[in-house]
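Subject: Structure handover

Hello,

Here is the structure I promised to pass on. Please open it first, then read my notes below.

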Amino acid sequence: MKCFKEHAGWRKKTSGMLFFMLCCGMLRVHAQQADSIKTRDLREVAVTAPRADREVNPGQKMQAKELERLGSHSVADAIRFFAGLQIKDYGGIGGLKTVDIRSMGTNHVGVFYDGIQLGNAQNGQIDLGKFSLDNMEEIALYNGQKSNIFQPAKDFGSAGSIYMTCLKPKFAPGEKTHLRGTIKTGSFGLFNPSLLWQQKVTDKISASFSTEWVNATGRYKFRYRKLDDAGHVTYDTSAYRKNGDINAVRVEGGFNGILNGGEWNTKIYYYQSERGLPGTIVNNVFSHVDRQWDQNIFIQGHFRKDITKHYSILLNAKYAYDYTRYLAPDTARLYIDNHYRQYEMYFSMAHQYILTKWWTVSASGDFQWNRMDADLRNFTYPTRYTTLTAAATNLTFSRFSAQASLLGTFVSEDVKLNAGAPYQQQFTPAVFISWQPLPSPDFRVRAYYKRIFRMPTFNDLYYTDLGNNLLKPEFAKQYDAGITWNKTWSNGWLTQAAIETDAYYNEVTDKIVAVPGDNQFRWMMMNLGKVKIKGLDVKASAVWKLFQQVNFNTKLTYTFQRAQDFTDPADSFYGDQIIYIPRHSGSLILGADYKQWEANYSFIYTGERYNSKENKQKNYVEPWYTSDLSVGRQFQLQHTRFHITAQVNNVANQYYDVIYNYPMPGRNYRFIFTVNI
Amino acid sequence: MNVMMKQLRNTVLPIAATMLLFTACRKGDSIVPPEVTPVDTAHPHAAYNGFYLLNEGNMGSNKSSLDYYDYTTGIYKSNIYATANPTAVKELGDVGNDIQIYGSKLYAVINVSNKVEVMDVTTTKRIKQIDILNCRYVTFANGKAYVSSYAGPVLIEPNAPIGQVLEVDTATLTITRKVTVGYQPEEMAVVGNKLYVANSGGYRVPNYDRTVSVIDLNTFTEIKKIDVAINLDRLKADSDGDIYVTSRGDYYKVPSNLFLIDTKTDAVKKTFDIPVSNLAISGDTAYVYGSSFSYITGKWTISYNMVNIKTETVLNKNFITDGTENGIKMPYGIAVNPGTREIFVTDARDYVSSGTLYCFDPSGKKKWAVTTGEIPAHIVFVASSK
């Protein structure tokens with residue numbers, strides 16, 4: 001039986017490799033085709049996908065200008081202003097920050113960095129607190145998937161996706177070099193200098209280099225306070241968060257090139273950090289000594305070209321190495337010093353063919369290899385081979401457009417020790433439609449359906465004394481219907497307004513949950529959970545011109561989520577709202593520009609939640625809301641531009657926990673000084 | 001500029017005001033009152049007034065809590081500590097591991113909070129907090145409390161501290177003596193002038209400890225290590241001067257087991273070959289359950305059994321006789337009321353939601369059940385002060 005299993009695994013793997021080799025073969029054929037059509041003018045077909053408001057699934061975006069105005073420290077802080085998502089924030093500069101889109105769970109979120117997904121086969125989560133806004137051009141969130149059929153198969157593979165796109169060099173005529181230096185400092189002992197350098201190499205090739213150092217003590221005051229029935233304070237204690245220090249360096253660089261009817265880029269990324277893990281604040285224990293070291297390296301390349309008027313090709317490749325060391329040196333507790341190493345290789349090829357003016361088809365194939373080593377006792381040493389194939393089609397008429405895709409996922413695993421997970425094969429569809437019911441293009445109605453799954457992570461499957469190699473994938477089904485309306489006016493005090501609303505229903509089945517073993521230090525992963533989610537996202541934005549020189553931006557989001565646990569009617573929490581998901585949440589951004597001045601007010605609201613499965617008073621978590629204020633000014637000295645920003649965050653000095661027993665900082669300050677040459 | 005300011009005022013202030021209105025619903029974090037549930041008829045003249053139940057709470061949640069059942073009223077109150085001690089910062093603490101009564105004082109060992117909370121038995125009000133790192137269990141003799149702790153001195157291996165037992169004077173509530181025992185000591189019992197300590201070695205997987213330490217209470221030194229089996233956990237003395245000690249096994253090949261130590265010879269007298277996670281001795285019977293887990297099969301098997309402690313034989317009979325055990329997801333605690341002989345079994349269910357306490361009459365039929373805190377685990381009976 002074992003022999004057969006191994007054999008079957010090998011067969012699937014080889015089929016994956018064969019598929020990939022087939023793609024390579026095709027690449028060679030197409031490259032030859034490309035040579036033969038070199039002379040043709042390809043500018044006309046350079047636009048390959050419908051853009052902006054014509055997107056079937058427009059997503060939510062924040063651009064560099066807006067990100068700068070917001071002045072957030074990390075991608076995680078900025079992304080809180082999107083509707084339909086919740087950040088799990090363990091607090092502080094170095095604290096883990098992961099994102100949960102529409103209550104389906106962190107593992108259902110795909111995070112892409114410059115077009116290629118960031119992997120974490122170990123636990124399936126990406127810490128968005130690690131990613132700086134310093135060199136970001138755009139952050140985008142897509143529910144379902146990005147409405148682009150010409151993309152790697154992986155881009156079809158998550159329930160929701162976040163795309164981080166780094167600044168691409170854009171040179172005005174005569175410009176050759178851009179240099180930008182930034183220093184951020186303020187609360188938490190933060191010292192955060194960064195440098196961005198963009199260089200024009202040739203007319204068609206540019207280089208960019210970005211580096212950053214984050215150093216902070218992570219020290220901040222927190223406060224816990226309790227009241228009795230009569231509202232009298234029974235205890236009120238303040239302390240400083242300890243062991244929250246971070247020392248991190250990021251270096252990245254690459255080349256961007258333009259081709260005739262195409263583009264390419266390469267990138268190398270390096271991140272290294274050492275941080276303290278401040279841990280939980282519980283009775284009588286207010287500090288911890290645990291530490292973590294990380295190292296992330298990846299090299300990736302991207303190539304897209306229109307080969308003929310109808311046919312285009314897209315290639316992506318990546319190699320990544322991730323290292324984590326976790327040290328728990330408390331002599332009174334279990335001593336842990338674990339090292340984890342993950343390796344990933346990824347190749348993708350996508351083809352698009354424009355059949356008619358209104359009909360496009362695409363096919364893509366990805367192959368990915370993941371390996372993990374850890375010095376855990378009795379560790380399994382898994383290697384995962386994933387082949388993804390996607391076929392997609394796009395129909396665009398003047399008032400109606402639609403996209404449909406089918407993703408095939410084939411996963412097999414090899415292990416050195418213990419038993420490996422059986423071969424998995426899944427086919428998952430997605431359909432998106434968008435319709436303009438009126439002659440005016442201002443108003444559109446759209447809907448989508450998507451069924452997708454997430455694979456059990458290496459931790460789920462193989463973590464010593466916890467993993468369960470027989471886990472099945474966890475499925476998420478999404479139904480969404482929404483409207484978009486936007487309008488621009490050339491004169492008057494309101495120049496632009498937009499409203500977008502989505503109502504959705506999601507179902508997560510075979511949810512992977514930890515089930516206790518015979519004492520509370522032993523757990524086992526099982527496909528047990530079932531969650532149904534009804535939600536509503538509202539996004540409204542407007543641009544105002546209140547006075548000749550004053551521009552106002554307003555952006556408002558509101559999210560309603562009823563996410564209920566329907567695992568087992570015998571459970572005391574059957575039908576209860578799931579942990580940490582508020583029913584109501586929202587955000588507001590008010591931005592104003594006046595000559596060289598800019599001001600920003602932002603507000604986040606998270607309604608009442610529960611910190612455990614049962615919706616009982618003992619698990620109740622109060623709403624929290626923070627207001628952040630910032631004021632900035634630009635100066636120009638000949639060709640050098642200066643920018644100074646001062647920020648006060650959590651102005652009302654509200655103390656709250658996002659994750660129970662992980663206190664968040666109260667009022668804090670930040671100063672940002674930028675020089676552009 | 002003035003116009004702009006006015007415009008600003010006209011726009012920003014109303015929005016900010018709306019926001020404040022919108023968010024005025026933060027009431028302030030208040031003390032969670034007990035959940036009160038009537039479960040039985042009042043027994044005003046019971047030999048035991050009631051019992052305390054300590055809920056462990058999932059690690060890191062700081063949700064250890066105390067429940068009290070009052071026989072004289074038939075009322076069960078869950079989560080009484082915070083109301084009785086409203087000034088205790090962050091309440092009772094993280095992972096309550098043991099609860100005992102000695103004299104008029106109630107001792108709760110709160111493992112992750114590194115303390116023994118000493119309270120008044122009748123009022124549940126804090127008398128003193130004794131800080132002991134990684135403390136596990138408590139037992140008493142001759143006016144002294146003995147607390148086992150994983151955090152002994154750092155000896156041979158810097159990364160695997162050996163365990164110790166601390167002696168606490170119950171009058172002054174101060175630590176008087178310390179003795180080094182085995183690795184990660186768990187339950188203890190006193191027979192005669194000797195303290196027996198079960199050493200687990202749980203931090204040293206797969207090199208578990210396999211001994212019971214014998215401590216002479218006069219000299220407070222370890223006089224013997226009895227080799228028993230790996231990963232020892234529970235340890236209870238019976239009325240005949242014998243000690244029942246359980247092994248958790250290794251969750252792979254070595255199963256959980258029950259052993260008997262003769263305190264006259266300080267040697268293992270008998271191996272029962274039944275899985276035991278927890279036991280309670282009352283009269284001539286040890287009531288046991290085993291929830292043994294195997295990573296090889298990926299399953300855990302739950303069994304209930306009884307041992308006759310006079311004949312030292314396994315009865316191979318479930319003490320629950322009405323089928324209630326089928327509804328128990330994860331048995332976690334067991335106790336027998338010395339007066340009424342009622343048997344109590346707690347169900348920790350999924351460890352992260354409220355558990356259940358079942359009360360069975362001596363014939364094993366369910367009398368009542370009640371919702372408890374998270375991970376109900378340890379029960380101590382309060383004798384009537386007549």
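Let me start with one residue in chain B. E91(B) has a relative accessible area of 13%, under the 20% cut-off, so E91(B) counts as buried. E91(B) sits in the loop between α2 (81-84) and β5 (96-102) of chain B. Its backbone is worth a look. Phi of E91(B) is near 50°, a positive value in a residue other than glycine. Most residues other than glycine have a negative phi. Please keep in mind that this is a predicted model.

Q184(B) gives a second case in chain B. Phi of Q184(B) is near 45°, again positive in a residue that is not glycine. Q184(B) belongs to the loop between β12 (174-180) and β13 (185-191). Is Q184(B) buried or exposed? Q184(B) is buried, at a relative accessible area of 0%.

One peptide bond in chain B also deserves a note. The bond from V205(B) to P206(B) is cis, and its omega is near 0°. Most peptide bonds are trans. P206(B) lies in the loop between β14 (194-199) and β15 (211-216).

Now for chain B as a whole. Chain B holds two helices and 29 strands. Its C-alpha trace spans about 95 × 55 × 50 Å along the principal axes. Of the 386 residues in chain B, 58% are buried. Take the contacts in chain B between residues at least 6 apart in sequence: 47% of them join residues at least 24 apart. The accessible surface of chain B is about 14,700 Å², and carbon and sulfur atoms account for 55% of it. Chain B carries 38 positive and 38 negative side chains. The centres of these two sets are 5 Å apart.

On to chain A. Chain A has four helices and 35 strands. Its C-alpha atoms fill a box of roughly 80 × 80 × 50 Å along the principal axes. How does the radius of gyration of chain A fit a compact globule? A compact globule of 677 residues would have a value near 26 Å; chain A has 25 Å, so the two agree. Buried residues make up 57% of chain A. Of the contacts in chain A between residues at least 6 apart in sequence, 63% join residues at least 24 apart. Chain A exposes about 27,900 Å², with 59% from carbon and sulfur atoms. Chain A has 79 positive and 61 negative charges, and their mean positions are 3 Å apart.

Part of chain A comes with a record. An unreviewed UniProt entry annotates residues 61-150 of chain A as "domain: TonB-dependent receptor plug". That stretch is 13% helix and 31% strand. Its end C-alpha atoms are 20 Å apart.

Last, a pair in chain A. L195(A) and T674(A) are 479 residues apart in sequence, yet their C-alpha atoms are 9.6 Å apart in space. L195(A) lies in strand β9 (residues 190-200). T674(A) lies in strand β35 (residues 668-676). L195(A) is partly exposed, at 35% relative accessibility. T674(A) is buried, at 8%. Leaving out residues up to four places away in sequence, L195(A) touches R180(A), G181(A), F209(A), S210(A) and T211(A).

Best wishes

Key. Residues are numbered from 1 along each chain as its sequence is written. Chains are lettered from A and ligands numbered from 1 in the order in which they are written. This is a predicted model: local features need pLDDT of at least 70, side-chain atom pairs count only at pLDDT 80 or more; totals for chains, interfaces and linings use all residues. Side-chain values use heavy atoms; hydrogens and water are left out. The radius of gyration is taken over C-alpha atoms; the globule rule is 2.2 Å times the number of residues to the power 0.38. Buried means under 20% relative accessible area, exposed over 50%, partly exposed in between (1.4 Å probe, protein chains only). Contact means heavy atoms within 4.5 Å. Accessible areas come from the Shrake-Rupley method with a 1.4 Å probe; for residues, only the protein chains shown count as cover. Lys and Arg count as positive and Asp and Glu as negative; His and the chain ends are not counted. The place of a charge is taken as NZ of Lys, CZ of Arg, CG of Asp or CD of Glu. UniProt positions are given in the numbering used here, feature names are shortened, and annotations may be inferred rather than shown by experiment.
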